[in-house]
Amino acid sequence: PAQALRVFDINLRQHYYSCDLIERSLHLANVLKLNDDELPILAEMFDLTGSAAQQHQIEQLALSFNLRVVALTRGQRGSLLYQDGRWSDCTSRSVEVVDTVGAGDSFTAALVLGLLQEMDLDGINRLANEVARYVCSQAGATPRMPQEFAETFRTARSGLPRRNL
């Protein structure tokens, strides 16, 4: 359906991608998740202006590819979400890092759950950061998640104010 979330978590690795494949994928998606190492690659690939202006580049991506949401993860510096002209900038709390494998995917999973629950953009950003932070504090990419995360989503579903995509 037209309203379905179509998430593109870009995950650029070495040279195993092409401009054509990325462009076709972006046209199919309506949600993009990328990290601060991937944004400069897309900026060069699609001639996005403002080399250091991440927000401007994200807005250009959203406009060029009709993306409803763009999420930029920045490691220890947290994340930046963009949706319909609104921004959410969330700094991450410090954590003793055990393993970063799975942190980006867990962020994406929490982002999608928050969007499906129609949570507030700042709430989604905070929760996705906390989930990724927790994953970084554990060994392995798929640790058992604390019950508090499930409770947060359950509470969102049970009638707290929601925001439409």
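Tutor: Contact here means heavy atoms within 4.5 Å. Among contacts between residues at least 6 apart in sequence, 61% join residues at least 24 apart. This is a predicted model: local features need pLDDT of at least 70, side-chain atom pairs count only at pLDDT 80 or more, and totals for chains, interfaces and linings use all residues. Residues are numbered from 1 along each chain as its sequence is written, and side-chain values use heavy atoms, with hydrogens and water left out.

Now the inventory. The protein chain has six helices and five strands. Both are DSSP runs numbered from the N terminus: helices are H or I with at least four residues, strands are E with at least two. Along the sequence the pattern reads β-α-β-α-α-β-β-β-α-α-α.

The five strands make an open sheet, ordered S1-S2-S3-S4-S5, with mixed pairing. Strands count as paired if DSSP finds at least two bridges between them. S1 (7-9) and S5 (86-90) are the edges; each has a single partner strand, so one side of each lacks a neighbour in the sheet. Axes are lines fitted to C-alpha atoms, for helices over the stretch in contact; angles run from 0 to 180 degrees between N-to-C directions.

S3 (residues 69-73) pairs with S2 (residues 31-35) in the parallel sense, over five bridges. Val31 faces Val69 of S3, and Lys33 stands opposite Ala71. Helix H3 (residues 54-65) packs on this sheet. H3 touches S2, S3, S4 (79-83) and S5, and its direction makes about 40 degrees with that of S4.

On to S4. S3 and S4 run antiparallel, joined by five bridges. Leu72 has Leu80 of S4 as its bridge partner. Five residues lie between these strands in their hairpin, where Gly75 takes a positive phi near 60 degrees.

What about burial? Buried means under 20% relative accessible area, exposed over 50%, partly exposed in between (1.4 Å probe, protein chains only). Five of the five S3 residues are buried, so the rest of the structure largely encloses this strand. In a regular strand, side chains alternate between the two faces of the sheet. In S3 both faces are covered: Val69, Ala71 and Thr73 are buried on one side, Val70 and Leu72 on the other. For the whole protein chain, buried residues make up 41% of the 165.
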